Amino acid sequence: MIAKLNISFSTNHLVPKSAWVLVFVLATIFSSLKAQDSEKVLWYSAPAEEWMQALPIGNGRLGAMVFGNPFKEHLQLNEDSMWAGGPDWEDAQGTPEDLEDLRRLLREGKTTEVDSLIVEKFSNKTILRSHQTMGDLFIDFKESGEITNYRRELDLDQALASTFYTRNGNHYTQKVFASQPDDAMVMEITTTSPKGLNLELSLSRPEDHGKPTVKVSNPSQNQISMVGQVTQYGGKRFSKPLPIDHGVRFEVRLQVVAPDGKITAKEGKVSVKGARKVLIFIVGNTSFYHGDSFAEKNKETLSKITQQSFESLLERHISDYQQLYRRVDFELGESNMAHLPTDERLQHCKDGGTDLGLQSLLFQYGRYLLISSSRPNTNPANLQGIWNEHLEAPWNADYHLNINLQMNYWPAEVTNLSELHQPFFNLIDRVLERGRKTAKEQYGITRGSLAHHTTDLWATPFMRAERAYWGSWIHGGGWCAQHYWEHYQFTQDKDFLRHRAYPVLKDIASFYLDWLTWDTKSQKWISSPETSPENSYYNQEGKSAAVSMGSAMGHQIIGEVFDNFLETAQILGIEDKLVEEVKTKKASLHPGVIVGTDGRILEWNEPYDEPEKGHRHMSHLYALHPGDDITENHPEAFAAAQKTIDYRLEHGGAGTGWSRVWMINMNARLLDGASAEENINKFFQISLADNMFDMHPPFQIDGNFGYTAGVAELLIQSHEGIVRLLPALPPNWKNGKITGLKARGNIEVDISWKNGTLGEVTFRSPSDTSFAVKYGSSMVDLQLKANEETQLNAKLKKTND
């Protein structure tokens with residue numbers, strides 16, 4: 001017997017969750033109960049009452065949040081190109097003369113004046129535009145009666161959201177998935193009731209400041225079409241209202257199939273009566289992808305899929321999805337809590353308990369979310385992936401380039417999802433193409449390109465800011481360039497290196513060559529004007545200021561770009577004047593890592609005090625993670641990084657979800673499993689919603705992705721030119737196994753451990769390769785033959801010779 005909830009509903013309202021009564025029912029009622037003991041399933045004993053309890057599905061571009069309501073089901077619909085406006089942005093602001101004025105004022109110590117002028121002169125006075133919801137599907141069940149044996153779940157192994165319950169003694173099942181191969185969402189609702197299903201379907205979308213955004217109609221007796229254009233009448237220009245009355249055009253269309261029921265359509269709704277099974281096919285397309293043909297694309301897709309069975313569509317979906325998802329498997333010993341609903345397990349963690357099974361599930365959930373929100377030829381996962389219920393989302397659900405977009409893709413390579421990185425590269429290529437104009441017109445730099453701190457669907461490269469401390473940062477392109485190099489490191493794809501990575505590294509390096517100025521005080525090349533993302537310091541006047549003569553992160557990123565450019569040129573056999581120029585300036589570049597008199601790494605070029613000592617950004621530790629300059633081979637910087645983290649935490653740092661998981665990644669790089677365990681526990685206690693979405697708060701998906709990357713970083717590292725095994729194993733992860741992780745060099749790794757000690761490790765690679773392996777204080781050189789497995793024991797001795 002297993003415990004389940006007996007749920008009673010009125011015909012109009014859900015009874016409050018607190019009133020539901022615990023009962024016992026047979027474990028054989030539902031065919032899905034075998035998943036109840038699996039660590040690959042999120043499941044709940046009640047419908048979602050709010051968006052942050054609903055469950056996400058997606059095919060990379062198209063998705064939904066599924067509520068699982070037995071009386072009025074709700075699917076909030078999403079698509080990744082739903083943006084207002086268009087590529088018709090205003091030209092970049094500011095001039096090279098303005099830049100020189102700012103540099104002069106900085107040399108004179110007039111930082112307060114610079115903070116104001118940099119925004120006035122250089123920030124593009126355009127409107128901040130938001131990614132938007134595609135709308136809502138409601139399914140109104142025209143039935144009453146007591147609901148018992150309720151369960152809703154998201155099976156991560158099949159990317160399938162299901163709802164099961166009994167009403168008046170009859171069983172009901174709802175299954176829905178978002179198929180990438182068939183480019184649609186497909187839902188099946190079945191019942192054992194002899195009266196069949198009686199339901200009404202409708203589509204709608206929120207009004208935009210009182211103005212309708214869609215027109216709903218019935219193209220046929222079993223279809224609903226919702227056509228509209230994205231607008232943003234709440235658009236603002238520097239806090240001043242400025243409506244956007246145009247944007248991406250779109251259509252959502254659904255078709256209902258019920259072979260044994262009666263279907264009627266009227267006034268934009270479709271009704272079904274007496275059907276034991278109902279199939280619902282949902283498609284959505286936009287002018288961003290298909291120009292004027294987006295509605296025709298929907299018709300074409302529906303014509304292909306509506307003649308197929310649910311089972312065949314589901315099988316094709318699962319096969320496509322599992323080819324990605326099943327590359328990696330992760331276990332943390334046996335769990336005794338999988339029989340509990342996920343929200344109860346999470347509450348156990350919030351109350352101070354530990355659930356290792358939920359920790360491993362959240363790791364795989366991050367991989368599920370990346371597969372579901374980023375596929376080749378889609379847009380990249382935004383600040384909310386693709387799942388956004390708003391017309392004006394928090395922080396516009398856009399692409400922040402000062403950590404958030406990058407964090408979304410931290411797990412792509414190491415967790416064996418390299419091809420999902422492609423949308424990131426496609427967007428950044430577009431941003432940097434436009435950034436050449438910004439570099440030339442704003443800064444007088446005719447070589448190369450740049451991007452500032454944020455962008456959107458239209459690939460904006462320039463400064464968009466009301467305040468200098470978060471907007472006047474110039475290193476979005478430089479940080480993103482790291483991802484191109486890392487993709488090569490993990491895949492060894494020399495064609496990608498030559499045709500995608502090298503041009504980006506060349507452009508960014510060229511820009512930095514002309515951006516740097518000579519500092520007579522330090523006798524070094526410095527970056528000015530500079531900021532450290534979203535942080536500020538007290539200037540000589542005792543006022544809070546953001547812009548400075550140099551910052552740690554800026555110099556760390558510039559140094560990294562130069563290094564990666566030079567190594568790429570060496571691999572490709574390129575020797576030219578640009579290579580020599582980069583070598584020369586790199587040799588005299590201001591250091592990005594300076595240890596202050598108190599033993600911490602300086603965030604700016606001077607040891608300033610700061611208003612927010614526990615700031616959420618750890619920008620001056622970029623060289624620790626995601627960079628690779630701070631390692632245990634540099635003991636002074638290594639110790640200073642730890643002291644810098646301790647100082648931040650002592651003053652309340654890592655308060656946001658994404659900041660906490662960045663801390664986990666840095667704990668891993670500092671080989672500190674105990675601190676990682678503490679931060680993992682705090683992340684579960686503070687930063688997760690019932691549906692396991694990361695809370696900034698509010699929702700930001702980067703925390704989910706950063707957590708998944710952090711778990712991998714605790715188990716394997718390869719950024720130092722060696723492969724480290726279990727470098728920062730949390731003490732409470734005593735027993736576990738992970739298969740399919742990737743190390744740089746295109747090496748796939750399986751690791752098992754017992755009682756906190758390495759058990760066995762298996763390596764494989766598609767090509768001959770050699771590398772060093774380190775576990776604890778032991779290190780060996782290893783040679784792999786293509787497509788052959790090599791197994792080592794805890795002493796790093798081969799066990800399969």
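1. A charge is taken to sit over a ring if NZ of Lys or CZ of Arg is within 6 Å of the ring centre and within 35 degrees of the ring normal. In this predicted model, the charged end of arginine 167 meets that description, sitting over the ring of tyrosine 172 at 5.1 Å from its centre. Arginine 61 likewise lies over the face of tyrosine 289, at 5.8 Å from the ring centre.

2. On confidence, the protein chain has a mean pLDDT of 93, with 94% of its residues reaching 70 or more. Residues 1-37 should be read with this in mind: their pLDDT stays under 50, although the model has 90 contacts beyond four places in sequence for them.

3. The aromatic pairs come to 39. One of them joins tyrosine 321 and tyrosine 368 edge-to-face, with 6.1 Å centre to centre and 70° between the planes. This pair links distant parts of the chain, since tyrosine 321 belongs to helix α5 (residues 310-325) and tyrosine 368, 47 residues apart from it, to helix α7 (residues 356-373). Both tyrosines are buried, and both belong to one aromatic cluster that also includes Trp51, Tyr325, Tyr365, Trp387, Phe693 and Phe699.

4. Helix α15 (residues 577-587) has Leu578, Val579, Val582 and Lys585 buried. Seen down the axis of α15, these buried residues fall within an arc of 135°, and they therefore line one face of the helix. On the other side, Lys577, Thr584 and Ala587 are exposed. The cover over the buried residues includes α13 (494-515), β25 (524-526) and α14 (552-572).

5. At the start of α15, a side-chain oxygen of aspartate 576 comes to within 3.2 Å of the backbone nitrogen of leucine 578, a residue that is itself buried.

Terms used: Residues numbered from 1 in each chain as written. Predicted model: local features only at pLDDT ≥ 70, side-chain atom pairs only at ≥ 80, totals over all residues. Heavy atoms only, no water. pLDDT = per-residue confidence, 0-100. Contact = heavy atoms within 4.5 Å. Phe/Tyr/Trp six-rings, centres within 6.5 Å; stacked < 30°, edge-to-face > 60°. Helix = DSSP H or I, 4+ residues; strand = E, 2+ residues; numbered from the N terminus. Buried < 20%, exposed > 50% of the residue type's maximum accessible area, 1.4 Å probe, protein only. Arc of directions from axis to C-beta. Polar contact = N/O pair within 3.5 Å; in protein donor to acceptor, adjacent residues only side chain to side chain.
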